Structure formats: structure tokens, C-alpha cells
Amino acid sequence: MIVAAAIVKDGRVLACERSAPAEVAGRWEFPGGKVEPGESDAQALARECVEELGVHVEVGARVGPDVSLAHGRAVLRVFAVTLRDGDVPRALEHTAMRWLAVDELGSVPWLPADKPIVAELPALLAAERLA
Ligand SMILES: Nc1nc2c([nH]c(=O)n2[C@H]2C[C@H](O)[C@@H](COP(=O)(O)OP(=O)(O)OP(=O)(O)O)O2)c(=O)[nH]1
């Protein structure tokens, strides 16, 4: 299982540019990674957000469907995530980061598996604005 974070703040979502490996470098994704043995999805996601962004997060609801990766050898599961007050993400492992507003969601080359997740973001961003 790969878990990843749709970090939402002020009507925008954080997109991150992969630095490696070569075949996906330059593609954009949600920060995250593999769930390690003994971890829950939420624990893995919280750990990855510390490692990749230096932030503490609160893990919320699922976003979009489980997406099959690598010919069914892995599954990508994305969660809505909020930052702990005052925490500011830094690109510790990514080449670049951008906070995308709803009209900018198509402005980066997402990893192909992320497309059905990105399709759910307008509703997620709208809901956050109302909250
Ligand atoms: N984190 C993340 N990975 C994604 C997304 N979309 C997508 O296809 N993937 C794929 C790319 C990689 O093949 C895999 C995640 O690998 P990773 O390199 O981020 O995981 P990790 O940090 O645990 O890996 P490792 O280098 O520690 O072994 O999932 C996404 O939105 N976020």
C-alpha cells in the first residue's frame, strides 16, 4: 500500500515534483510513500509528511478511489490532510512544490495514477472553503 496526502490549506492543495527515480522525475504527486509493516495508513502518512516535508499533519478522510499501480502490485490511497498550526512544508525530498488553486489543478504533469484523485479535488477544495 502506498499512502499519500492531499494537504489542503486556504483553498489550495500541495503538489510536489518528484526528484527520482528517473522514469517519474519531473512528474507531480501527493507526498507520501509505502506503509511499513506494523503501521496503519495514518501512521505511515504522518511519518512520510515529517520525512518529506518536515511537517506534522492530522489525517482526515479518503480522497478518491484506491488506484492500482505497477500492474496491480501496489495500491495508491490518498487522504485529505491538514497541517498542524504553524507548520510550513519544505521540499526536503522533492524538486519543487506548489500550492494549487482549483483552476490550477491541471497546470502540472501529475503521475498518471493520480488523475482519478485529482478529479476529486475541486469538491474537496470547495468543502474546505466552506468549513
Ligand atoms: N508518494 C506518492 N507516490 C505515488 C503517487 N502516485 C504514484 O503513482 N505513486 C507511485 C510512485 C512510486 O512508484 C510509489 C511510491 O514510492 P515512494 O518512493 O514515494 O515511496 P517510499 O518513499 O516509501 O519509497 P522508498 O524510496 O522509501 O522505497 O507510488 C503519489 O501521488 N504519491
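I2 stands opposite K34 in β4, within an antiparallel pairing of β1 and β4 that runs over three bridges. The structure is a predicted model, in which local features need pLDDT of at least 70 and side-chain atom pairs count only at pLDDT 80 or more, whereas totals for chains, interfaces and linings use all residues. Residues are numbered from 1 along each chain as its sequence is written. Strands (E, at least two residues) and helices (H or I, at least four) are DSSP runs numbered from the N terminus, and two strands pair if DSSP finds at least two bridges between them.

With β2 (residues 12-17), β1 pairs in the antiparallel sense over two bridges, and R12 in β2 is the bridge partner of K9. These two strands form a hairpin with two residues between them, where D10 in the turn has a positive phi of about 50°. With β6 (residues 74-83), by contrast, β1 pairs in the parallel sense over six bridges. In this part of the fold, V3 stands opposite R77 in β6, and A5 stands opposite F79 in β6. Seven of the eight residues of β1 are buried, a residue being buried if 20 or more other C-beta atoms lie within 10 Å of its own, exposed if 12 or fewer, and partly exposed in between, with C-beta atoms placed from the backbone.

Strand β6 also pairs with β5 (residues 57-69), in the antiparallel sense over eight bridges. V57 stands opposite L83 in β6. The hairpin of β5 and β6 has four residues between the strands, and A70 there takes a positive phi near 50°. A70 lies 22 Å from S40, C-alpha to C-alpha, and the two are 30 residues apart in sequence. S40 is placed in the loop between β4 (32-34) and α1 (41-53). S40 counts as exposed because it has 11 C-beta neighbours inside 10 Å.
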